[in-house]
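Please open the model in a viewer and keep the selection tool at hand.

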Amino acid sequence: MASSNLTPKEILKNTFGFNEFRPMQEEIINQALNNEDSVVLMPTGGGKSLCFQIPALAKDGLTLVISPLISLMQDQVMALRSHGINAFFFNSTQNAKEQAEVMDSIMSNKAKLLYVSPEKLMSQEFSGILQSANINLISIDEAHCISSWGHDFRPEYTKLGFLKQKFPNIPIMALTATADKITRNDILKQLKIEHAHVHIASFDRPNLSLSVEQGIDKIKKILDFVGKRPNTSGIIYCLSRKECETTANKLQANGYNAEYYHAGRKSDERANIQKRFIKDETPIICATIAFGMGIDKSNVRWVIHSNMPKNMEGFYQEIGRAGRDGLPSDTLLFYSLRDVILLKQFAEDSGQKELQLAKLERMQDYSESPVCRRKILLSYFNETLEEDCGNCDVCKNPPKQFDGTINTQKALSTIYRSEENLSTSALINVLRGTLNNQTFDFQDIKTFGIGKEILFKDWQSYLLQMLHQGLFDIAYDDHNKLKLTELAHKVLFQNKKISLVQVKKKEKEKIGTLSKRIRKEKPIKTTLFEKLRKIRTELATKYKVPPYVIFSDATLQQMVEDKPVNEDQMSNISGVGDHKLEKYGSYFINAIYEDLNKDNKKGAAYKDTIALYKRGKTVAEIAKSRKVQETTVMSHIARGLESDEGLDIFDFIDLDEYKAVKRAYIECGRSHQLKPIFEKLEETISYGKIRLCLSHFKSNE
Ligand code: ADP
Ligand code: ZN
């Protein structure tokens, strides 16, 4: 039974401010409204939350959301409240009083959504809620946690099967960003919803640019990359704690605001770093993969992997943290032989050797791909991309292949002549004829110095390619010495041809291929964008929420493009729902209005306002007829006062107020900022009136 009498589409528009559903959302929502079970597989940022939030609002009663992480719950509840929705969580961070308040709102039928962890769900305290609440939908977020095959197994999730037994008529919606078949089947089976509709959305995230660089001169390349993206937020993933620290230190030394994050830091330090990142206070975090899980921040503009991840699932999840707002965002992976060796060692020692090695190999496929990288990525998730993506480094700058048989023969025959006693760096030093303690015993072999003309780092790249083509193995149990394979013998003795990818000469120019759309079509950093961003930060501080909860980058971007100057126009911006329009709309409308006036003085619309005023209309009437807020009308009048349009300030403000503002103005050091004066007056005189006075002082100074 629908309680709000609004259709899902209307709720989408009025509450969330979005005009269109994304693929599959509407169908999933309708199934929940028909009390049918479903499993939803969508990539991070795909829009899973709305699938259960809209039915929650459309139906009578309470939607339960089972979620594994407290931080994630809190973020979602905060975001829902910013839309004016009665959402709650129930977890161990709350005291008895807070829990009782939650209980009250449930019993009085006010709560629409309740987030709870699986542990709490099964607890004694919660059984009362389960008994008496009018539950209309049970949604299970991060449902892959149920599968012991997955990368994030949580034993408590396996107990959730009781829900269907206990509440056979309440629909269950299980959601995850992990797409593999084993996990999916585990979800269906363990939740006892074998007949559920299964929705698998495309895992393509076309707004993420993909690129791979050699892991040489990394710091220099990272500095270059961040230098091209001023005022943006990003994450740099590193394999070791030490690398997190050194990378953050290097960035700081170069004037960037960066911090490091890893499991070795105290938990309160970690929580604070995360908070500063979310609030846009620290834009760059250098972190191990411990960072990011449970962060909903939608305006992460880039992700760098300083080291290669051990599998594609992890990689995709990590880059997926960029660009959740759908705007162009960049990803960059550094690929090096050293990492491959290290990760292979981990895999060998992992107890799941075969599986881990196979997964690592797919990661190498991606890193070395001579074809569109997105094709490789998507094929891993069983999707095919027909056309090249045009938004990866391979598409933008196709690698040149050459006949690398001679180079390969030089390397392989050196390994052969050393009786397979060389590690990678020793091999390169022998090839380049560098005499040191690594090569001392090999200076007499015939190929010593045979590859002098090739730089050390270029040899690294070619050897990596050879390794990947299966020409040798690395003996992890024998000082990482290189051992020839069957195929190597064919190259050495049967003249088998090998092609290699040319090492790129002008690497610097293409680092982190700036997203085409950012560069060419949508210059995101117009001054208006920065102004709106600043207003967003001020509002975020005022309302104690992260900036992106006020409005996403995508919403601000659309404001910059469409320049809404009244509420009607503002409500057409994607992401501006009724509640946010009322609460924040005027701040942004005013800023846009002022910006337009600045650009276009001739058409100054404030003159129309003043003309109306002179015709005897009141401020309220003008606001209504022009579809703007009264504060906007006041700002027009302020301009009128400044440009001597024959207005009398005392038509708008009485003498006592004028004097009070004057005093506060002087006490604030004659600053023309509104806020300090507003606060000095203990918020008793409106911004509109203060602005009028300031204009008056200005024109009389
Ligand atoms: P997920 O849970 O799948 O990672 P979210 O539910 O957090 O993704 O959604 C990601 C972003 O996409 C959010 O900023 C959300 O507001 C936005 N979004 C979701 N659905 C739509 C839609 N129909 N139109 C526009 N934006 C949407
Ligand atoms: Zn491509």
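**Stop 1: a helix pair**

Select helix α2 (residues 25-33) and helix α3 (residues 48-58), whose axes come within 9 Å and cross at roughly 45°. Helices (H or I, at least four residues) and strands (E, at least two) are DSSP runs, numbered from the N terminus. Axes are lines fitted to C-alpha atoms, for helices over the stretch in contact, and angles run from 0 to 180 degrees between N-to-C directions. The pair α2 and α3 is therefore oblique (under 35 degrees counts as roughly parallel, over 145 as roughly antiparallel, 65 to 115 as roughly perpendicular, and the rest as oblique).

Display next the side chains in contact (heavy atoms within 4.5 Å): Q25, I28, I29, A32 and L33 from α2, with L50, C51, I54, P55 and A58 from α3. These residues divide into nine nonpolar, one polar and no charged (Ala, Val, Leu, Ile, Met, Phe, Trp, Tyr, Cys and Pro count as nonpolar, Asp, Glu, Lys and Arg as charged, and the others, Gly among them, as polar).

The model is predicted: local features need pLDDT of at least 70, side-chain atom pairs count only at pLDDT 80 or more, and totals for chains, interfaces and linings use all residues. Residues are numbered from 1 along each chain as its sequence is written, chains are lettered from A and ligands numbered from 1 in the order in which they are written, and side-chain values use heavy atoms, with hydrogens and water left out.

**Stop 2: the sheet**

Select the seven strands of the open sheet, which pair in parallel in the order β3-β4-β2-β5-β6-β1-β7; pairing requires at least two DSSP bridges between two strands. At the edges stand β3 (87-90) and β7 (197-200), each with a single partner strand, so one side of each has no neighbour in the sheet. From one strand to the next, the twist averages 20°. Return to α2, which packs on the sheet and touches β1 (38-41), β5 (135-140), β6 (172-176) and β7; the direction of α2 makes about 160° with that of β7.

Zoom in on β3 and strand β4 (residues 113-116), a parallel pair with four bridges. There, A87 has L113 of β4 as its bridge partner.

**Stop 3: a loop residue**

Where does E142 lie? E142 is in the loop between β5 and α8 (162-166). Beyond its neighbours within four places in sequence, E142 contacts P68, L72, Y157 and L175.

**Stop 4: another helix pair**

Finally, select helix α14 (residues 337-348) and helix α15 (residues 353-367), with axes 8 Å apart and an angle of about 160°. The helices α14 and α15 are therefore roughly antiparallel.
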